[in-house]
Amino acid sequence: MPPLAKALFWCLCTLGVYLAARRLHRSYGRWWSSPMLVTWVVCGLLIVLMRTSYHEYLRGTHWLVWLLGPATVAFAIPIHRHRTMIRQHWVLLCAGVVIGSTLAIASSWAFASLFELSPELRASLLPRSITTPLAMDASRLLGGIPELTAVFTALTGLFGAAVGETLLHVLPVRSCFARGALFGMGAHGAGVAKATELGQEEGVIASLIMIFSGQFTILAVALYTLF
């Protein structure tokens with residue numbers, strides 16, 4: 001197959017699988033039917049079965065990675081829209097972001113130390129708890145592999161959304177703020193989607209926590225690389 005046709009095939013294949021996965025998720029609404037997980041698994045299997053290299057796959061889908069840039073800029077929209085709520089709860093938001101981000105980085109560091117990961121893998125794992133566009137930038141600054149960080153980030157989000165749903169049945173968490181913060185900090189993008197299913201306020205809090213924790217981590221990484 002000519003390179004251009006192959007690139008077009010993988011582009012249409014990824015979009016087709018994603019649209020089919022969205023319909024599946026609307027029907028079931030469970031963590032295992034998440035479009036992010038289904039698209040990832042199906043495309044991964046197709047790549048292996050068709051003996052396609054990752055670079056060949058990226059030739060047709062690299063523009064999807066480019067869209068992460070505008071997505072990062074778009075984070076300013078919810079911050080402006082909910083500025084009144086931010087002013088009212090800035091102390092809680094700051095405390096949640098600083099404590100949650102510190103614990104997330106510390107747990108990644110402990111995991112990397114436990115399994116004696118190489119410095120490159122450790123750097124790829126550390127920013128796994130923030131949203132993908134910022135996590136890839138943080139990984140690049142730390143000397144990691146951004147594409148591998150995207151995989152760690154997706155796994156963290158899916159695991160956090162699935163476990164968070166179970167935790168809410170066990171823990172006495174009644175506050176909308178706490179429920180939103182739980183998903184925003186523990187599962188970033190996937191957590192925001194799950195929190196929005198619980199309620200509008202939970203979704204707003206989850207998105208704000210996700211954005212601020214990503215910015216906090218990027219700032220911490222930038223300062224770390226400077227000194």
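Helix 1 (3–28), helix 2 (35–49), helix 3 (54–66), helix 4 (68–73), helix 9 (132–142), helix 10 (146–170) and helix 11 (176–198) each put at least two residues into the lining of the largest pocket; helices here are DSSP runs (H or I, at least four residues) numbered from the N terminus. The model is predicted, with local features needing pLDDT of at least 70 and side-chain atom pairs counting only at pLDDT 80 or more, while totals for chains, interfaces and linings use all residues. Numbering runs from 1 along each chain as its sequence is written, and side-chain values use heavy atoms, with hydrogens and water left out.

That pocket holds about 1800 Å³ of space (the space filled by probe spheres set on grid points joined across faces, edges and corners). On a 1 Å grid over the protein atoms alone, a pocket is an open set with protein on both sides within 12 Å along at least five of seven lines, a cavity is a set of points where a 1.4 Å probe fits but cannot get out, and lining residues have an atom within 4 Å of a point. Its lining runs to 45 residues, with Y18, M36, T39, T132 and A154 nearest the centre.

The second largest pocket comes in at about 410 Å³. Of its 21 lining residues, G160, L182, M185, G186 and A187 sit closest to the centre. Helix 11 gives the most to this lining, with seven residues.

As for cavities, the whole-structure search turns up one of 30 Å³ or more. S101, A104, I105, L126, P127, S129, I130, M185 and T217 line the largest cavity, and helix 7 (residues 90–114) gives the most, with three residues.
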